[in-house]
Amino acid sequence: MEIALFAGVALLTLAAPFELTEPLVRLPHQSISSLETAVLLAFGAWAAAIVASRRLPEWRTPLTLPWVALLAAMFVASIASPVSRVNALHMTGRLGAAFGVYLLTVNGVTTRARLRAILSLAVLIGVVVSLLAILEYLGVAPVLAWLKAFRPGVATVGAQVRAGGPLQYPTIASMYLEVVFALGLGLLVAEIDQSRAARAAVVFLALVVIGDGVVVTFTRAGLITMAASLVFVGGMRALSRGADGGLRAVAALAVIIAALFATSRSAQLTWLRLTTEGQESWYRAAIDAPSDLELPTGQNAMVPITVANTGRIEWDSQGDSPIFVSYHWLQAEGDRFIAFEGARTPLPSRVAADERARVEVRVHPPRQPGRYRLEWDLVQEGRLWFSTEPGAVRVISRATVAGDELEAPLLPTMAPVKPTVRPGRLTLWRAAARMVEAHPLVGVGPDNFRLAYGPYAGLASADPRMHSNNMYLEMLAGGGVLAGAAFAWLLWSAARAAAASMRVTAGGAAAAGIAAAAIAIAVHATVDSFLSFAPTYVLFSLTLGCAVACARGVETRFANRV
């Protein structure tokens, strides 16, 4: 039976980051993704092995009772949900599947060799994911085309690509890779301890690639958790062995990753990313334009305006993502546009933050005479219009177009463009707190924060894909104090298991890496949720399962079975 269980763990380790966008199976009110199919296959093989061996798996573990308590609390919250019972029950089922993956790992990783094999496979898959992310960042066309099977498109912040490889979003990719990076640190030191120089060198290079994969996601929490993992594993190494080869390897890796980060983007963009939550303050402009204009029909006119850069990025019309001055034509009354895409006029020179420029804007008036309004704007080509960014101030001139009516079809109109809404983390956290206050005992139902946060955040229209960006608040908002208490019990038990693994193995290398992975999850969970996405909840469960296996002595030299 153990071979079948180990194969299931290996399958999930392999499949975790490669979840296709299109589900493999569609059912009423439910669809099954490629990764969920892999989970079901692993569970099916496990069930068949139980029947064949007539032996029940080991289920009495340090995390069993708290996990069952959490599932019970989530089920109660789902049934009582005032928002969506179906969605809440789906999330409860996901946590049930996570529990199954955890038990599968505990029962499948029963020897030191199997533990090392799973860690090695995780690092190998992490290298593949990182290479795909790096190639995406470099804009390799065949890779970009292939990755469309896993996510809709390339994510950006400003003009900068945030690579995500085959994961749905760059932050999810970072969450996945930073945990694999921590696991790989333990494997690196373990190979050094075994005096396997060639294998240690391979793992070292793999961790460099994975570290660069995290860097190209442009995720701040990923950088912090990588640093935390390096400090933790290096510190434990220094305490147990002193300044030996393992500590020097960790230090060298830290230096290389710091250099990769420092050279990955310009100093300005790196500083902006580290000091702002999003790009809301990057693209802002103050425009001084004539209040009234008279223009001839169908002929280009040059209109002088002054633009001031009140944002935080430099404007450059000659760069890779050029910024131009442009405009939109509106009807004299109302908010409908008759022409949104105005002509582009380059800036006379670069315009740094807090600088201004005088621009002769080339304007092409409508072909029919009449009264219109001309809205001035700036555009980062292929990326965004400044006027659609949060906090943008519209600048509009009244325009009279005079002259002969030229042959042209009737001017069509289009509805106004909806401004971009990007609620910040503080807004989402306050909304979650208000949600807990309104539904303290059992919350609004697991995973229902994203369906209900709009009124709590004061938003007329809210993106239903948006989570609370905090795993702990997500649990409280969805399941109330009942689920929150059970989740706290689970996390406390997991922390004790990780600490026990360090004691049992006397500071074993693999145990240190697994503990670092658990710390990475706990730290990153303060700004994102590991349990909201299938690839990360699978990795969450695999990590906890390996921690409990180590606590039972799997990594010790003489342990063969759990």
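How many residues has helix 12, and how far does helix 12 reach from its first C-alpha to its last?

1. Helix 12 covers residues 425-438, which is 14 residues, and its first and last C-alpha lie 20 Å apart. That is close to the 20 Å expected at 1.5 Å a residue. The model is predicted.

2. The buried residues of helix 12 are R425, L428, A431, A432, M435 and V436. Viewed down the helix axis, these buried residues fall within an arc of 140°, so they line one face of helix 12. On the face turned away from that buried side, helix 12 carries L426 and E437, both exposed.

3. A nonpolar patch on the surface is formed by F75, V76, I79, L89, L441, V481 and L482. Together these residues have about 590 Å² of accessible area. Helix 3 (64-79) supplies three residues, the largest share of the patch. Helix 14 (471-504), like helix 3, supplies at least two.

4. L89, one of the patch residues, sits in helix 4, residues 85-108.

5. For the protein as a whole, the secondary structure comprises 16 helices and 14 strands. The C-alpha trace spans about 95 × 55 × 40 Å along its principal axes. Of the 562 residues, 54% count as buried.

6. Among contacts in the protein with a separation of 6 or more, 76% are between residues 24 or more positions apart. The protein exposes about 24200 Å², and carbon and sulfur atoms supply 62% of that area.

Methods. Residues numbered from 1 in each chain as written. Predicted model: local features only at pLDDT ≥ 70, side-chain atom pairs only at ≥ 80, totals over all residues. Heavy atoms only, no water. Patch = residues over 30% accessible without salt bridge, like charges linked within 9 Å, V, L, I, M, F, W, Y side chains within 5 Å. Areas by Shrake-Rupley, 256 points an atom, 1.4 Å probe, with all protein chains shown as cover. Salt bridge = Lys/Arg side-chain N within 4 Å of Asp/Glu carboxyl O. Helix = DSSP H or I, 4+ residues; strand = E, 2+ residues; numbered from the N terminus. Expected span 1.5 Å × (residues − 1). Buried < 20%, exposed > 50% of the residue type's maximum accessible area, 1.4 Å probe, protein only. Arc of directions from axis to C-beta. Contact = heavy atoms within 4.5 Å.
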